[in-house]
Amino acid sequence: MLAETLELTSAEADLLRFLLPSMSETELVEAEFLLTGKPIDGTHNLSLFDYVVQAWPYIESSAFIDNWHIGAICEHLEAVLAGQITQLLITIPPGCSKSLLTSVFWPTHSWTKWPDLRWFFASYDQRLSTRDSVKCRVLIRSSWYQEQWG
């Protein structure tokens, strides 16, 4: 049980038992993640890196080529979403997938777990924001995404 896993006091466990029945599925998933860092539903346990590897062919014509920086960025982005990192600056050269990871894969992966999340994207160049928004839309409309989370 969640109360034992979290090592709650008796009063905290009672409060948790009182609140759980009245919570929506989305609220339960959010609460579980905030308390444990792990989503409730096992189908949503795909790491951001694994998601990137699987989603890559749906928005990029070139083959996915792994490198250490992609896994590192994915881990840091997941830590931001978990609240473990509050400020993150990613400085890598152009052409290293920073925009794809942060503006396409990260939000679409996050929506698979928390569909109520809202994102705001901006860039010095409107064309970049539009490009990444279109890629998000293409990925979300893909058969792969729709079959799993649509």
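**A salt bridge first, then the helices**

The side chains of R127 and D125 meet in a salt bridge, 2.9 Å from N to O. The term covers a side-chain nitrogen of Lys or Arg within 4 Å of a carboxyl oxygen of Asp or Glu. The model is predicted: local features need pLDDT of at least 70, side-chain atom pairs count only at pLDDT 80 or more, and totals for chains, interfaces and linings use all residues. Residues are numbered from 1 along each chain as its sequence is written, and side-chain values use heavy atoms, with hydrogens and water left out.

R127 is exposed, at a relative accessible area of 64%. D125 counts as buried, at 18%. Here buried means under 20% relative accessible area, exposed means over 50%, and partly exposed lies in between (1.4 Å probe, protein chains only).

A search of the whole structure finds 3 salt bridges. E60 pairs with K135, their closest N and O atoms lying 2.8 Å apart. This pair links distant parts of the chain: E60 sits in the loop between helix 4 and helix 5 (68-81), K135 sits in helix 7, and 75 residues separate them. Another salt bridge joins D132 to R131, with the closest N and O atoms 2.9 Å apart. D132 counts as buried at 7% relative accessibility. R131 is partly exposed, at 35%.

Now the fold. The protein chain has 8 helices and 0 strands. From the N terminus on, its elements run α-α-α-α-α-α-α-α. Helices (H or I, at least four residues) and strands (E, at least two) are DSSP runs, numbered from the N terminus. Buried residues make up 32% of the 150 residues in the chain.

Take helix 7, residues 126-141. This helix has 16 residues and reaches 22 Å from its first C-alpha to its last, close to the 22 Å expected at 1.5 Å a residue. The expected span is 1.5 Å times one less than the number of residues. Which residues of helix 7 are buried? They are S129, D132, C136 and L139. Seen down the axis of helix 7, these buried residues fall within an arc of 95 degrees, so they line one face of the helix. The arc is that of the directions from the helix axis to the C-beta atoms. An α-helix has 3.6 residues a turn, so residues three or four places apart point the same way. On the other side of helix 7, Q126, R127 and R141 are exposed.

Next, the aromatic rings. The structure holds 12 aromatic pairs. Rings of Phe, Tyr and Trp (its six-membered ring) pair if their centres lie within 6.5 Å; planes under 30 degrees apart count as stacked, over 60 as edge-to-face and the rest as tilted. The rings of Y51 and W149 have centres 5.8 Å apart and planes at 55 degrees, so this pair is tilted. Y51 lies in helix 4 (residues 48-59) and W149 in helix 8 (residues 143-149), 98 residues apart, so the pair links distant parts of the chain. Both Y51 and W149 are buried. The rings of W144 and Y145 have centres 6.4 Å apart and planes at 65 degrees, so that pair is edge-to-face. W144 and Y145 are buried. Ring pairs link F49, Y51, W56, Y58, F64, F105, W144, Y145 and W149 into a cluster.

Last, the surface. F18 lies in helix 2 (residues 10-19). F18 is exposed, with a relative accessible area of 64%.
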